[in-house]
Amino acid sequence: MERRFKIFLFFVLTLPLLAAGASVSKAQAAVVGTELWCVAKNNAEDAALQTALNWACGPGAADCSPIQQGGPCYDASDIVVTASYAFNDYYLKHGLSTDSCSFDNTAALTSLNPSHDKCKFPSSLSVSNGSFSGSTAAVGMGPSEDISGCTRIALHWFWPLITGHMFVVLHGLF
């Protein structure tokens, strides 16, 4: 009778942990496909945005032709939208890191697509090895990476924990 109880206890304690492992995999799948854009913060001062925009379009070498007069993203009355396009272009060309989307704390990453009308913002999924993999209208094409680090967490902590737990429980059975 005691042996049956130990086997039952083994399954009761182990199955929830294995189910948790499956949910980690599902979480990873959701994170991998996340599109990100670098946009100007709504609460940033116009002067700071203009300075950052000037740098992005000058020394930063962002492609600012779509925000020039006659371009699909030109809007002289909205510095936030204008700066967002330049910031996003710079971000996509310079490593997709939080450091490449700072602009003296006037920009931030978002998962909300800032595209509007004919102005299409490429996302983090539309680049490959630091350069655009298609036109600026292509969205969602390209490599993805584990942004949250779930894979490292799962491989580094989760499965060794499960293995150790199973060893302790099985050792107690025999």
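Residues 129–152 stay under a pLDDT of 50 in this predicted model. For that stretch the model has 50 contacts beyond four places in sequence. Strand S4 (residues 131–132) has the lowest confidence in the chain, at a mean of 45. Residues 22–31 also fall below 50, and this stretch has seven contacts beyond near neighbours in sequence. Where pLDDT is low, the predicted coordinates should not be read in detail.

**Helix H2**

H2 has twelve residues. From first C-alpha to last, H2 reaches 16 Å, close to the 16 Å expected at 1.5 Å a residue. Which residues of H2 are buried? They are Leu-49, Ala-52, Leu-53 and Ala-56. Seen down the axis of H2, these buried residues fall within an arc of 105°, so they line one face of the helix. An α-helix has 3.6 residues a turn, so residues three or four places apart point the same way. Ala-47 and Thr-51 are exposed on the other side of H2. The buried residues of H2 pack against strand S1 (37–40) and H3.

**Asp-89**

Asp-89 sits in helix H3 (residues 79–93). Is Asp-89 buried or exposed? Asp-89 counts as buried because its relative accessibility is 3%, under the 20% cut-off. The Asp-89 side chain reaches the backbone nitrogen of Asp-63 at 2.7 Å. Asp-89 and Ala-56 lie 33 residues apart in sequence, and their C-alpha atoms are 8.8 Å apart in space. Ala-56 is one of the buried residues of H2.

Methods. Residues are numbered from 1 along each chain as its sequence is written. This is a predicted model: local features need pLDDT of at least 70, side-chain atom pairs count only at pLDDT 80 or more; totals for chains, interfaces and linings use all residues. Side-chain values use heavy atoms; hydrogens and water are left out. pLDDT is the predictor's confidence in each residue, from 0 to 100. Helices (H or I, at least four residues) and strands (E, at least two) are DSSP runs, numbered from the N terminus. Contact means heavy atoms within 4.5 Å. Buried means under 20% relative accessible area, exposed over 50%, partly exposed in between (1.4 Å probe, protein chains only). A polar contact is a pair of N or O atoms within 3.5 Å; within protein, one must be able to donate a hydrogen and the other to accept it, and residues adjacent in sequence count only if both atoms are side-chain atoms. The expected span of a helix is 1.5 Å times one less than its number of residues. The arc is that of the directions from the helix axis to the C-beta atoms.
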